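Thanks for asking me to look this over.

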Amino acid sequence: MIKFLVYRVATIVPVLFGVSIVVFLMMKLIPGDPAEALLGPAATTEKIEMVRKSLGLDQPFYVQYFRWLWKVLQGDFGSSIAVNVPVAQLVWPKFWNTVLLTAGSLVICIVVGLGVGIVSGTRQYSWFDRISMSLTLIVANTPAFWLGLILMVVMALYLGWFPATGMYSMRASSKTWGDLIHHMVLPAITTASVSAAIIARLVRSSFLDVIRKHYITALRAKGLSERDIILRHGMKNAMPPIINIVGLQVGYLMGGALFTEVVFSWPGIGLQIYSSIVARDLPVVQAAVLVTTFVFVLVNLGTDIVVAALDPRIRRA
Amino acid sequence: MSLVNVPVKEQTAGLTTAADAAAEARMFRRPSEWRIFWEAFSQDRLALGAATLIGLVCLASLLAPVLSPYDPTVGDNAQRLAPLGTPGHLLGLDGQGRDILSRLLWGGQVSLIIALLPVTVASVISVILGLVAGFFGGKVDMLIMRTLDVFFAFPAVLLAVAIAGVLGPGMLNVMLSITIVLIPYISRVAYMATVTVKNELFVDQARVSGARPRQILFHHILPNTLSPVIVYGSTLVGIMIVLGAGLSFLGLGITPPRPDWGIMCSDGRNFLSVAPHVSAVPGIMLILVAMSFNIVGDGLRDALDPKLRR
């Protein structure tokens, strides 16, 4: 296990290094000179040259890259072009809001995905199985931004059960968890929808797989109750692929949250990336993409370790 | 039947001349691969229905210039936001008084191309990358697959949005960003298939029989890598239709007044409480088409895999 752990942790170093290069180069691909863009059309050539020098843009690419990386490693992402504050100050609180939304969505994903999947998997071809599997097929192909709009129309505008936008009530005197959760329900359902459907389908097939194994038949012959067989013995072997897909879905949730955040004006990192792209505020986009990807890589690492801890066969491979 | 004949064909391929092989093929009267595939696929009613739906939507979009009752970019302000079933406007009018049915037809062209073309291009590139990496192994494998790992590390939606955002709006840029996002995913599928097939006994047999690496690569390995890529690709088309529409929804895709299903959803956002159909209709279209590609993908998987054929 320790050998696996060391190996797996070591593999993310070159990946993260590569990610930083891609993010750096991506921003270099943008047409136009940032110094000119910064100074506007009235700038003189000398002035542009001066700004270029002060930004380090006259240096070769690799020098610029390592300077940038060195700063990033110290948590300095430069300052935002649009609002002129340090990027880190802008990005971190937004990131926290996205983590909250992702966590809420993940809870829905796991509860709905596991619940529907287990019931369907243990009652194959029952009416519940047929209906829920047709529904998951539809939901898995529903665009999140569209589902968000529909939920907003039905649940917020017509029924008025939940607020349509934002994270806290404007009129509330203080930020409470209850208010937050009330605001989070619709965005979390929207973000979770596709992943929950995918997880439900996978849990079902994973259970169908396990339930046909001989050891389950042996346990039935032994006289164990169906509940014990499924929850105690079936679960153990069905779990590794499920944890794997749940881990992958966390990354999907963080990316997919972008659409939800735009639709519901949830002040998260996705909305920040979107509005920064619109404002061409590239240092912010750069930092936000980098931070999100970094967390995504760490989540995948964590998932792999958990799966390996549960399944000795994977450790040895 | 097909299970018995496949090894015979593979074994003789390296040994005999083309003329012998042709004579043998005539002797066996083996149904063509297409025939076998079609017989399996047409058994699957759901997949057949989904494929028909896709065909109809493609045809209707292609024929948009003929079928579309109105100009999709010119509105009739007097009747704006008219509901479903308005005489002369079956699916109603949007916020600028434009006929939704006409926009749906024209928008279909964009929404389908925006997914189909990148998936095709990315599949071709990925098959080459996966094949080369898997077949040659060693340093080539390291270089290709580790580079792709870097792109794999990004959440896909985020990468697509970032690339499309950096490049700026426009149809070509959207397709480029979707292609870049897809390559690592499809390459992994092609790579895994190549590595698996490379270690099969029939490949050893071909090598022992004196087949050159080029023959082994194109004649024995490539055909076996293609079917998982085709299956995966057809599922991806559905997902990419949704992603492409999402980029347009954000304003990072197609530039108005040209319609696409994502922009149409976005257009309706301001009238949700008075005219929800403006957003709802294109969204339902997206779901139907994306789901159909998904079902066809599953059908293809079952039909192409001899082990799953009933």
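**Notes on the predicted model**

1. Where pLDDT is low, the predicted coordinates should not be read in detail. Please keep in mind that everything here comes from a predicted model.

2. Now for confidence across the two chains. Chain B has a mean pLDDT of 85, with 89% of its residues at 70 or more. Chain A has a mean of 86, and 95% of its residues reach 70 or more. Within chain A, confidence is lowest in helix α2 (residues 34-39), where the mean is 68, and highest in α6(A), at 92. For the complex, the predictor gives an ipTM of 0.85 and a pTM of 0.85.

3. Next, the make-up of chain A. Its secondary structure comes to 13 helices and zero strands. The C-alpha atoms of chain A fill a box of roughly 85 × 55 × 35 Å along the principal axes. Of the 317 residues in chain A, 36% are buried. Among the contacts in chain A between residues at least 6 apart in sequence, 70% join residues at least 24 apart.

4. Taking the contacts in chain B with a separation of 6 or more, residues 24 or more positions apart account for 70% of them.

5. How many residues does each chain bring to the contact between them? Chain B gives 34 residues and chain A gives 37. On the side of chain B that touches chain A, α7 (138-152), α8 (156-167), α11 (213-249) and α13 each supply at least two residues. By class, that side of chain B has 24 nonpolar, seven polar and three charged residues.

6. Leaving aside residues up to four places away in sequence, B:Leu286 touches A:Pro143 and A:Trp146 from chain A, along with B:Ile241, B:Val242, B:Ala245 and B:Trp261 from chain B.

7. I also stopped at B:Phe151, which lies in helix α7 of chain B. Is this residue, B:Phe151, buried or exposed? B:Phe151 counts as buried because 20 other C-beta atoms lie within 10 Å, and 20 or more is the cut-off for that label. The C-alpha atoms of B:Phe151 and B:Leu236 are separated by 17 Å, and the two residues are 85 apart along the chain.

8. The buried residues of α4(B) are B:Ala47, B:Ala50, B:Ala51, B:Ile54 and B:Ser61. Seen down the axis of α4(B), these buried residues fall within an arc of 100 degrees, so they line one face of the helix. On the other side of α4(B), the exposed residues are B:Arg45, B:Thr52, B:Gly55, B:Leu56 and B:Leu59. The cover over the buried residues of α4(B) includes α3 (33-43), α5 (64-67), α6 (100-136) and α13 (277-304) of chain B.

9. For contrast, turn to helix α9 of chain A (residues 214-222). Of its nine residues the number buried is zero, so α9(A) lies largely in the open. A:Gly223 follows α9(A) and has a positive phi, near 100 degrees.

10. Finally, two residues other than glycine with positive phi deserve a check on your screen. A:Tyr125 has a phi near 65 degrees and sits in the loop between α5 (87-122) and α6 (127-140) of chain A. A:Tyr125 is exposed, with 9 other C-beta atoms within 10 Å. A:Ser265 has a phi near 50 degrees and is found in the loop between α10 (226-264) and α11 (269-278) of chain A. A:Ser265 is partly exposed, with 13 other C-beta atoms within 10 Å.

Terms used:
Residues numbered from 1 in each chain as written. Chains lettered and ligands numbered in written order. Predicted model: local features only at pLDDT ≥ 70, side-chain atom pairs only at ≥ 80, totals over all residues. Helix = DSSP H or I, 4+ residues; strand = E, 2+ residues; numbered from the N terminus. Buried ≥ 20, exposed ≤ 12 C-beta atoms within 10 Å, placed from the backbone. Arc of directions from axis to C-beta. Contact = placed C-beta atoms within 7 Å. Nonpolar A, V, L, I, M, F, W, Y, C, P; charged D, E, K, R; others polar. pLDDT = per-residue confidence, 0-100.
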